[in-house]
Amino acid sequence: RSMPLGILEPFDLAGMAPNCERRTVSTVAPQSLLMMNNDFLLRQSEAFARRIEESAADVPVRVQRAWQLAFGRIPTETEMSRATDFIVHQTAYFDDIRNKLPEAERPKQIPSSTQALALLCQALLSSN
């Protein structure tokens, strides 16, 4: 109680002095900005993606595993289709960018498939 986490401030952290019996629900822009730009969340999204890659080889299985870990359920057909399309298109996009980099800088980049999956993981972790 004496050392609240600063990362929780944009999420209307409950007051620590008196006991908080009921909290109001609020969603504000700083919450979204934090979830998009916070270094900790970006690292966790990449770690989440690597965890999924270790357990699944193809994109649909990876999407299903991500949904199970994030939400405790399998994705609907629409969610599966959109997430799979997202990963495929983002991987192609990152591959295109990678091909434009000088040869010396390419090994420094994480694989395109991991980057794409990390973006999906970030969206799942940031969902309401």
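**Before you start**

The model is predicted, so local features need pLDDT of at least 70 and side-chain atom pairs count only at pLDDT 80 or more, while totals for chains, interfaces and linings use all residues. Residues are numbered from 1 along each chain as its sequence is written, and side-chain values use heavy atoms, with hydrogens and water left out.

**Whole chain**

Show the protein as a cartoon. It has five helices and zero strands. From the N terminus, the elements run α-α-α-α-α. Helices here are DSSP runs (H or I, at least four residues), strands are E runs of at least two, and both are numbered from the N terminus.

Colour by burial next. Buried means under 20% relative accessible area, exposed over 50%, and partly exposed in between (1.4 Å probe, protein chains only). Of the 128 residues in the protein, 27% are buried.

Among contacts with a separation of 6 or more, 48% join residues 24 or more positions apart.

**Select 112–126: helix H5**

H5 has 15 residues. From its first C-alpha to its last it reaches 21 Å, close to the 21 Å expected at 1.5 Å a residue. That expected span is 1.5 Å times one less than the number of residues.

Which residues of H5 are buried? They are Ser112, Thr114, Gln115, Ala116, Leu117, Ala118, Leu120, Cys121, Gln122 and Leu124.

**Select Thr114**

Thr114 lies in helix H5. Thr114 counts as buried because its relative accessibility is 2%. Not counting residues up to four places away in sequence, Thr114 touches Ala49, Arg50 and Glu53.

**Select the largest nonpolar core**

A nonpolar core is a set of buried Ala, Val, Leu, Ile, Met, Phe, Trp, Tyr and Cys residues joined through side-chain atoms within 4.5 Å. The largest one has 15 residues. Pick out Ile52, Val63, Trp67, Ile87, Leu117, Leu120 and Cys121, which have the most contacts inside it. H2, helix H3 (59–71), helix H4 (77–100) and H5 each supply at least two residues of this core. H5 gives the largest share, six residues.

Centre on Ile87. Leaving out residues up to four places away in sequence, Ile87 touches Val59, Val63, Ala116, Leu117 and Leu120.

Is His89 buried or exposed? His89 counts as exposed because its relative accessibility is 55%. His89 and Ala116 are 27 residues apart in sequence and 8.4 Å apart in space, C-alpha to C-alpha.

Move to Gln90. Gln90 and Ala116 are 26 residues apart in sequence, with 5.3 Å from C-alpha to C-alpha. Neighbours within four places in sequence aside, Gln90 is in contact with Ala116 and Leu119.

**Select the second largest pocket**

On a 1 Å grid over the protein atoms alone, a pocket is an open set of points where a 1.4 Å probe fits, with protein on both sides within 12 Å along at least five of seven lines; lining residues have an atom within 4 Å of a point.

Select Leu42, Ser45, Glu46, Lys108, Gln109, Ile110, Gln115, Ala118, Leu119 and Gln122 to show the lining. Helix H2 (39–55) and H5 are the elements that give two or more residues to it. H5 gives the most, with four residues.

**Select Gln122**

End on Gln122, found in helix H5. Gln122 counts as buried because its relative accessibility is 11%. Gln122 and Met36 are 86 residues apart in sequence but 7.8 Å apart in space, C-alpha to C-alpha. Not counting residues up to four places away in sequence, Gln122 touches Met35, Met36, Leu41, Leu42 and Ser45. Gln122 is also one of the residues lining the second largest pocket.

Definitions and conventions. Contact means heavy atoms within 4.5 Å.
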